[in-house]
Amino acid sequence: MLRVDPAVMAQKLRDYQFPDAHGFLIPWFRAAASLEARSVDARGLKDGLQFSFDGNPPAPEALKELTAGLLDADCGEAGRQLAFGALAVRRLELGAPSAVRAGDRTVITLGGAVGSAAAAKAFASLRAAYGMSMVKLSVDGAPVPDPSKAGRPVKAWSNNSTEAVILEDPGAPNLGRVRLYKLGMLVEERAFDLGGFYTAYVSSTRFALSLSQSAVVHDKRYAKLVKRLARLRWRLLRRDPPREVVVRVWAKRSLIAAAVAGASVLGLWRILTTGLWP
């Protein structure tokens with residue numbers, strides 16, 4: 001029988017997971033979401049930081065030792081996510097986090113080794129990743145907005161495991177982009193031809209993630225999603241562009257026209273290479 005050394009396995013996972021270990025709150029949020037939490041609160045303490053959530057409690061083994069979910073299948077998805085976050089904390093050498101159940105909330109605390117700079121980076125990563133979630137998130141008492149709810153959807157659909165929302169987005173790349181989420185946290189963002197200034201927010205509890213947790217595996221489920229978005233592109237192409245996009249494009253073109261009127265050949269080259277061209 002093959003025996004796995006827990007210490008060796010933990011070291012391997014610690015080496016490969018999370019390009020930036022300051023994202024350790026991201027898997028803890030996913031753990032909360034998988035336990036049907038309704039609210040998550042992250043806040044800085046005088047001597048560290050605290051992360052808490054309501055919903056169902058984690059398995060007793062995971063509360064006792066946050067890395068228990070690496071080998072104990074009874075800890076479930078929440079146990080695995082708690083372990084991923086704890087491994088990232090170890091990489092940062094921030095000390096050992098402790099977890100307790102206090103009333104109807106699970107409370108994870110990191111002590112004084114965290115420091116204000118590390119806590120600020122962790123909170124920034126958490127805010128940036130949040131979206132496509134029914135779980136309310138607050139950081140230091142301030143609610144964090146969900147970008148997928150920033151406007152009226154152009155198109156939306158959902159089934160048992162997947163939800164998608166497409167918004168007009170003047171800040172998107174010229175052809176559009178897709179943001180992929182799992183359990184309320186961003187996995188990755190990539191350019192995707194949606195035919196214009198749109199962002200597709202897509203969340204699935206069944207996305208398979210890479211070992212680093214920073215990419216969605218390109219399996220059959222992902223291929224099916226890509227095909228659906230590609231079909232949707234033709235509908236989006238027939239829509240009028242959002243007013244903000246029209247204003248931005250024509251403002252740039254007016255600047256170029258005004259500059260070209262009296263520009264030399266060298267001046268025209270500089271105009272075309274300074275990013276004014278839409």
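Student: How many of the residues of helix 2 (residues 25-34) are buried?

Tutor: This is a predicted model, in which local features need pLDDT of at least 70, side-chain atom pairs count only at pLDDT 80 or more, and totals for chains, interfaces and linings use all residues. Residues are numbered from 1 along each chain as its sequence is written, and side-chain values use heavy atoms, with hydrogens and water left out. Helices (H or I, at least four residues) and strands (E, at least two) are DSSP runs, numbered from the N terminus; buried means under 20% relative accessible area, exposed over 50% and partly exposed in between, with a 1.4 Å probe and protein chains only. The buried residues of helix 2 include W28, F29 and R30, and the count is 9 of 10.

Student: Which residue with a positive phi follows helix 2?

Tutor: Helix 2 covers residues 25-34. The residue after the helix has a phi near 65°, and it is E36.

Student: Why does R179 count as buried?

Tutor: R179 sits in strand 9 (residues 177-182). Contact means heavy atoms within 4.5 Å. Beyond four places in sequence, the contacts of R179 include E188, E189 and Y201. R179 counts as buried because its relative accessibility is 11%.

Student: Is K224 buried or exposed?

Tutor: K224 belongs to helix 6 (residues 220-237). With a relative accessible area of 65%, K224 is exposed.

Student: What share of the 278 residues of the protein chain counts as buried?

Tutor: The chain has 8 helices and 11 strands. Over its 278 residues, the buried share is 45%.
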